[in-house]
Amino acid sequence: MTMPVTQCLLKLHEDHHNLEDYQGGVPRWCSGCGDNAILAAVQRLCRDEDLSPERTVFVSGIGCSSRFPHYMKTYGFHGIHGRAFPVAEGIKMARPDLTVFVNTGDGDCCSIGAGHWIHAIRYNMNMTVMLHDNHVYGLTKKQASPTSPIGFKSNTTPRGSYLNALNPLTVTLGVQNVSFVAQAVDWVPEVLYDIISAAYHHRGFSFVRIIQRCPEFLPKMFESWLADPQKTLLLTHANGLTLTPELSRTYKNQLAHDPSNIDRAREIASGEDPIPVGILYRNPEVPCYEDVRHAGQMRTPEHIRVGLEAELDRFTVWPKNAEPAQRAV
Amino acid sequence: MNETMTMAPAASAGRRPAPGASPNEAVTLAEHIVEVISDSGEGAQRCGQSLGVIAAKMGNGIWTTEIIPAEIQPPARSVAGASGIRIRMGSGKVTNGGDETDLVVAFNEQALLGRVHAGELKAGCTILLESMWRGHRDPKIVASYVETVELLHKGGFRVYEVPLEDACSKLVADSRRGKNMFVLGILCSIYSLDLDLARDQIAVTFGKKDAKVITVSQGLLDAGHAWAETNLDFKYRIPVVPVTEPLIVVNGNTALGLGVLASGMDICAMYPITPATSTSHYLSECFERIGGLVHQAEDEIAACAFAVGASYAGKCAVTITSGPGYSLKQEVIGLAIMAEIPLVVINVQRGGPSTGQPTKAEQSDLLASCFGSHGDAPKVVMAVSGIEDCFYAVITARKIAEIFNTVVVLLSDANLATAQQPFPRPQFTEDWLAPPVDQTPVPAGALPYDWDSITGIARRFVPGQPGGMHTLTGLAHDRASHVAYDPTTNEEGLRNRSLKLAALQKTLKTPSVFGDPEGDLLIVGWGSTRGAIEEAVARARVDGLKVSSLHLTFLQPMASGIREILHRFKRVMTIEMNWSDRSEDELIDEDNRRYSALALMLRSRFLVDIDCWSEARGQPIKPATICRVIREKLSS
């Protein structure tokens, strides 16, 4: 089939997407909430990658972060608390042709959904995961989360929280089949974009922990990090982040880190101050579960009929002398 | 099709050969119940399954029931370790496991005692008992054996001691693995079954193994047959109706698996749980060959959520579980109902609550299925009542789920899970299959929840459909799938999700009454008790009692016409395998009595004073027990 050049150009124009094509409703997050920065980066990524809105699905659980799909103009699945991963896995397994993103929070992923999180890493299905980690339950009004710093005073821990914070990076890096781990912070939007983009381009379970501010319930948590760029450690590498000269001038605290080195990645991941930002680990060789399971095969009614008849043959008792000659026992 | 043969138990005296009768003269029987009992791992079940298939091939009706100890490796020679199988063979169609056993083959006396104590053997039952224990080197075992045989004789049982070990050790190195085929030979002789068919069946059973295994097994079969011909003084024949159409012989869980294949579903997401798991074992073996897959999730919740994700993406999926797993899935089931995603949930019920009795049957998840999940979460609940039903019900469930964009819960139970009964080989039709995933553009202005004002049904938009982009949510939402908390919108959603059940209800046929359309007593049942209830009703009717029965496949919604049926009987009672308070308990009165699940549902819907009788003994209710209940009810 041939198409005149003008029509081709028209079609190109039609198919090309602008930022508005991904912008859903007006976000209802608090002003200054880190979620806004993540949304802006993701919408930019969709435009830059020219993702087809109808073939893109954002899956979330419950929490402030999980409102994310409502603000995208793609397909979205705002499910139940903690279960974003298995829903996303089911979608990807049924339809490997769809681009799947997961937006989850520190309560959603690291607390109620922690079991699914561990196994999602093992499955290594091709999806981009953003852990919106603000260290606190926001939607239910200030309770301690697994990533809250010890001593954090919240409505459920009025005398200060009792336990050391869970480190989502070291947990993820400890699971067999991990294939992509990165960390970003909401206050360096250029790097946030670069990291989400790298995650999107990695084929597998790309886990990005995004440290984000909650101006409502933890307003001063990251003040000193914002005030002092030295407290942010940028991980750079030819296979990782490459910084613009402007960024390099501001964030002088840099470390060359090869994302293929998992031992080093685990070491860096355990540091909390300065906060490491960049791609900690990437292994494109880990097989994706949907590939291992041959997801998305074409099935025709004839294909199913033949398979079913063969199965029925196994269990059939034939009348005397009526058994078909060609029967696979 | 629903006509059940009346199988009045033959008087046991009639089965004994007259003294001096030639062993070659077979006594004709209408039916017989046989058990093969052993320790776990001695192959009793394979022996019994083969016997069932051979009998079915000859044209007998059969129903096999597995006898499963609760432990994986119970101690050898223990009363609690009785493992085996029961085969009911009849001249006509057999719809349930029947009453007590007529003939049992036991590999040791302790496992046999387990069955005697359980009251499962008929008075005067014939026992073929492995005699090797009489010569055992451990004097305690010898003493136990001798004492038991004496007791059995005294108890009126007809005991034959059979040298299984001696005979088999001449033919195979490990006689523990060969006795079952020797016993199959004995049983073929006793029931005058065609030995060539038995040889063929062995070839099919061991088809995957090498030819040597088949030859050795056939040798054991022949030896067992020859032994019985020489040494036993009795023989039976159960008249057959020659098979004229191909029949499928599988258990309920395999039939469910075949149903999944035939329904066109692509994905089964599950987590291991007894007694549902063998369906997934079966599917894991064959599903991938036709492009489907079984996903063993990290837990029950994930299995359900995975299925919901797949369904949302356009491929209706199934999740299979049992009681505790069903409880765990409830929140996700609520999400599927709220967001209107099709989903099939199969619950092979076991004893509850909590871990309960994992290998035993109960019908105690009906209310959790109909009313579980928080909030108002209307869903369709169906129950299978036979093996054939297991196959077709999955196809129906998938269709309903996709037409109404809702959850369909399919209830089976541990009895049907392992019971075998032949049914006509299904004739495939493309109508069974799901339509291809809709990827056509959505018309401009169409909304993701454009509920029909009469039926409440809305067309669903699937990812990939241009113009259909929206965010599905478990929060209250309007037609555009926007989160909405205003009272009117909330009620609009509730109304439409509820209306869908009414729309389905209008399509349901009134279930037919078994027996006369009016009378003194109507028994209402659901699920696996169907065969036993109808057989009991048939027996009672032969005795002149005006009793009929009604069996429900759709528990939610319930078909029209049931109310009228209930009113045509003087009394109505349900018979169920679950708990209901017993009026003989001192504290129980009409103000506090807890009724069985179906009775409760029927009472609340139809305002009829419906009684119930139930037992929760973990095993199938026997037709004779139901007969007794019917008589008691009619004479009260």
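A residue is called buried when its relative accessible area is under 20%, exposed when that value is over 50%, and partly exposed in between. The exercises below concern a predicted model, and several of their steps rest on these cut-offs.

**Exercise 1. Classify the two residues of the salt bridge between R289(B) and E311(A), and state where each one lies.**

Step 1. The side chains of R289(B) and E311(A) meet with an N to O distance of 2.9 Å.

Step 2. This pair crosses between chains, since R289(B) belongs to the loop between α9 and β11 of chain B, while E311(A) belongs to helix α12 of chain A.

Step 3. E311(A) has a relative accessible area of 4%, and because this is under 20% the residue is buried.

Step 4. R289(B) has a relative accessible area of 54%, and because this is over 50% the residue is exposed.

**Exercise 2. Describe the interface between chain A and chain B, from its extent to the elements of chain A that take part in it.**

Step 1. Begin with the contacts, in which 50 residues of chain A meet 74 residues of chain B.

Step 2. Count the polar links, which come to 34 residue pairs in polar contact with both residues at pLDDT 80 or more. The elements of chain A that give two or more residues to this side are β2 (75-78), α3 (84-94), α5 (114-123), α12 (301-314) and β12 (316-317). The largest share, 11 residues, comes from α12(A). By residue type, the side of chain A that touches chain B divides into 22 nonpolar, 13 polar and 15 charged residues.

Step 3. One example joins the side chains of R293(A) and E288(B), at 2.9 Å from N to O.

Step 4. Finish with the strands, where β12(A) pairs with β9 (residues 247-248) of chain B in the antiparallel sense over two bridges. Within this pairing, V317(A) has L247(B) as its bridge partner.

**Exercise 3. Find what the buried residues of helix α9 (residues 277-286) of chain B pack against.**

Step 1. List the buried residues of this helix, which are T277(B), T279(B), S280(B), Y282(B), L283(B) and C286(B).

Step 2. These buried residues pack against α12 of chain A, and also against α8 (252-263), β10 (267-270), β11 (293-296) and β12 (318-321) of chain B.

**Exercise 4. Work out how strand β3 (residues 61-67) of chain B is covered, and follow its pairing to the salt bridge formed by R88(B).**

Step 1. Seven of the seven residues of β3(B) are buried. On one side these are G61(B), W63(B), T65(B) and I67(B), and on the other I62(B), T64(B) and E66(B), so that both faces are covered.

Step 2. The strand pairs with β4 (residues 83-90) of chain B in the antiparallel sense over seven bridges, and in β4(B) the bridge partner of E66(B) is I85(B).

Step 3. R88(B) forms a salt bridge with E535(B), their closest N and O atoms being 2.5 Å apart. The pair links distant parts of the chain, 447 residues apart, with R88(B) in strand β4 and E535(B) in helix α16 (residues 530-542) of chain B.

Step 4. Both ends are buried, R88(B) with a relative accessible area of 1% and E535(B) with 0%.

Step 5. The pair belongs to a network of salt bridges that links E31(B), R88(B), D99(B), E535(B) and R539(B).

**Exercise 5. Explain why strand β22 (residues 569-576) of chain B is described as largely enclosed, and name the strands that pair with it.**

Step 1. Six of the eight residues of β22(B) are buried, and therefore the strand is largely enclosed by the rest of the structure.

Step 2. Five bridges join β22(B) to β19 (residues 519-526) of chain B, the two strands running parallel, and V524(B) stands opposite T574(B).

Step 3. β22(B) also pairs in the parallel sense with β23 (residues 611-614) of chain B over four bridges, where C612(B) is the bridge partner of T574(B).

Conventions: Residues are numbered from 1 along each chain as its sequence is written. Chains are lettered from A and ligands numbered from 1 in the order in which they are written. This is a predicted model: local features need pLDDT of at least 70, side-chain atom pairs count only at pLDDT 80 or more; totals for chains, interfaces and linings use all residues. Side-chain values use heavy atoms; hydrogens and water are left out. Contact means heavy atoms within 4.5 Å. Buried area is the accessible area (1.4 Å probe) that two parts lose on being put together, summed over both. A salt bridge is a side-chain nitrogen of Lys or Arg within 4 Å of a carboxyl oxygen of Asp or Glu. A polar contact is a pair of N or O atoms within 3.5 Å; within protein, one must be able to donate a hydrogen and the other to accept it, and residues adjacent in sequence count only if both atoms are side-chain atoms. Ala, Val, Leu, Ile, Met, Phe, Trp, Tyr, Cys and Pro count as nonpolar, Asp, Glu, Lys and Arg as charged, and the others, Gly among them, as polar. Two strands pair if DSSP finds at least two bridges between them. Buried means under 20% relative accessible area, exposed over 50%, partly exposed in between (1.4 Å probe, protein chains only).
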